[in-house]
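I opened this entry to look up charged pairs and their surroundings.

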Amino acid sequence: MAEVEVGVRALESKYIPAEIEAKWQQVWAEQRLDEATEDDDRPKFYALSMFPYPSGNLHMGHVRNYTITDVVARVRRMQGYRVLHPMGWDAFGLPAENAAIDRGIHPAQWTYQNIAQMRSQLKELGLSYDWGREVATCSPDYYRWTQWIFLQMLQMGLAYQKEAAVNWDPVDQTVLANEQVDSEGRSWRSGALVEKKLLRQWFLKITDYAEELLNDLEQLSGWPERVRTMQANWIGKSTGARVVFKTEQGDKLPVFTTRPDTLWGATFMVLSPEHPLVEKLTAPDRVAAVDDYRKEAAAKSEIDRTAEDREKTGVWTGSYAVNPVNGEKIPIWIADYVLMGYGTGAIMAVPAHDQRDFEFARKFNLPVNVVVQPEGERLDGDTLTAAWPGEGVMVNSGPLNGIPAGKGEGQSVAAAIQWLEAQGQGQGEANYRLRDWLISRQRYWGVPIPVVHCGECGPVPVPDDQLPVTLPEDVEFSGRGASPLAQLDTWVNVPCPTCGRPAQRETDTMDTFIDSSWYFLRYTDAQNAKQAFDPTKVNDWMPVDQYVGGIEHAILHLLYSRFLTKVLRDRGLLNFDEPFQRLLTQGMVQNLTYKNPKTGKYVPLAQITDPANPVDPETGDPLEVFYEKMSKSKYNGVDPQAVLAKYGADTARMFILFKAPPEKDLEWDDADVEGQFRFLNRVWRLVTEFISQNPTLSLPPIGAAGQATLSKEEKTLRRAVHAAIQAITEDIDGDYQFNTAVSELMKLSNALSEAAGKDSPVYGEGIRALVLLLAPFAPHIADELWHQLGQAGSVHQAPWPAYDPAALVAEEITLVIQIMGKTRGTLVVPADSDQAALEQYARESEVAQRYLEGKEIKKVIVVPGKLVNFVVAG
């Protein structure tokens, strides 16, 4: 343990953050103050921030996220928990590969340089991480176990291959990530119009867990309702029926519909342009038109294809299907608004009762048959101007005629499903918007998929003892052609692990979401070289008690993490269902932003010469001024390093915590940063002056000053001290209202500054409480002042203070006196006064005498402990 040479007499005359913070960061590291332990009986608390991508520099969003979690971790340690608070790096991904192309630097070198820089920046913030558990997802020590988890899913039948569409650059002959396709559908590098191309790719069967992922959202009471709703909508459960249509050639075309009762109104079918039966169903005279349309559809994004406000397009294949409920022939079309990845890639179209189908039918002169008549009206398919999706009575629907239309008990949907099942024409079914997770990426900087393709044996998993399958280093990065891995024959060509014949490695790497879907498990046993984690340790620490991150991760990251947790539970490796008990999605950090509304260009603050009347320095146009999320492209970022250099980490932390509740957006304000710096200086002076004026006074424990022998002034101060302890504890233990907690610290500081009798034990108790309460928020200055007060050990190892209920009991209260509901004055009265006494005190007060003279009192309203209101005549 490092010795800290400070004490009662080692006073610093001035608060110098740079000196204090560097000193205490070194002490904490040498003392290994923040290491998590498993070998004691204290309750556990796992505090976790979503780990960052190592871009090279922290931004203010990082600072806010990590400071919030750090306060929680520090308080829980002081409250007697053994705390796990780790940090690592979500280090695979496209930016590193782009850096390799643009700068000629290997992705690993670029990534590890960035990690080193960001680790140093994190340490400057005074964050209480257990750095011995640091992980980087690009390290073979980590991704060995990512590969092992993939192989577990392969053995469970949850990993499989099938053909799926990718973004294809026809010029560079390469696959593009969605981020590499611009808003016009062109390649970021070549500028070519991107096409859709089918490739054989790897998927994970997340749909096998759709129902459980949906139902278990009910367990997550500690999550924001908004996030749970977003996940439920993404899973997108709908109930209905699966019905099989047949083509004239006898091919089956299954469809899922939530309204099987409208089958009798189906007048055509629509297939996705990518449907595997399209070529077979296309008549010879329709081939050219169908081929052209499929090419056009392939060039569009899913968002464009499914936009409700765009004009409907489509092509008839020349073939027909047979409606199974009435035997009628209906034409089969293809249209880009039907996606192969949703449902079956085929729909039955009921234009009378679906607006999208109606618009399509009217454009292509297809029949519209009404099967639901609203009460009191008679709809005619030939004269309809819009679809009727509402309630009514079933008509023209065979066995359903006369039944009320709807999904309720005794209504048409249930009756239709019952009829279909009885006739063997379909069956009730739940369907999900959620699709299986496509994990294949045709990139280099990711986890190699541990599979070998053998002509004799098929796909063969790499044996566990041959993991990890490491990334080769002798690769070229051009951004053109196949994946860099696919171009390296010495890496690709290997013997089959099963038969020994020549075979080829899988050249796809995994989606980086896989890396981040289990990292929180690895932290519990980060140095284990024999297992992904020891089940005893993971079951001890998990689930995460408090998870903190941005709302942008509300769906995919959190959903995939929940999925992986359930898979590993079913594999017998975990004994819990959900990974994160409580979730906080912190708001964004915003700053003033200047934008030219005519050109759409943003203007840096440095170019604004007159903030009161800002204009574009190039055009002279008046600028719009508003708060927006900090970003480089908007020139409104604030460099955390500059703030730390000027004010120190404690001031930055205090501002971040004080400016807004953690879940709300925060508007940056330099004046408020300066205000927090001044507050810490006041605390510094308050404590150091107390020490210099009371050099021999021992610091009493919280609660040591008894109530009975205290003077009135001492009782008032003690009430302020313990009210602060109570309020700050409730702010932290409740909804993390750190902004009001900082306000309470300021109130306590003011109460101490204004108090008389600074040699009183109550004052010493207040000083002690102030430093202890400040510790999680401003850890460096708190530890420095703790040691200057002569206290042993770190303030962060001291117990969190508990308030004394007796100290909160007021002997006197301030009674508000109102006349006709308007406050006219106040009066100090005994706290235990009953209603009659309060009325009497009020009547006899100088305020009442002055305002009630000569007036008739009609009524007196007494609110015990608060006010007396006199209602007077006329």
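I took buried to mean under 20% relative accessible area, exposed over 50%, and partly exposed in between (1.4 Å probe, protein chains only). The model is predicted, so I kept to its thresholds: local features need pLDDT of at least 70, side-chain atom pairs count only at pLDDT 80 or more, and totals for chains, interfaces and linings use all residues. Residues are numbered from 1 along each chain as its sequence is written, and side-chain values use heavy atoms, with hydrogens and water left out.

I searched the whole structure for salt bridges (a side-chain nitrogen of Lys or Arg within 4 Å of a carboxyl oxygen of Asp or Glu) and found 43.

I looked up arginine 562 and found a salt bridge to glutamate 578, with the closest N and O atoms 2.8 Å apart. Arginine 562 lies in helix H17 (residues 556–570) and glutamate 578 in the loop between H17 and strand E26 (583–585), so the pair ties together parts 16 residues apart in sequence. Helices (H or I, at least four residues) and strands (E, at least two) are DSSP runs, numbered from the N terminus. Arginine 562 is buried at 0% relative accessible area, and glutamate 578 is buried at 7%.

I then noted that lysine 566 also forms a salt bridge with glutamate 578, at 2.9 Å between the closest N and O atoms. Lysine 566 is buried, at 0%.

Finally, I checked glutamate 744 and lysine 747, whose side chains meet in a salt bridge (3.3 Å, N to O). Both lie in helix H22 (residues 738–754), three residues apart, about one turn of the helix. Glutamate 744 is buried at 17%, whereas lysine 747 is exposed at 51%.
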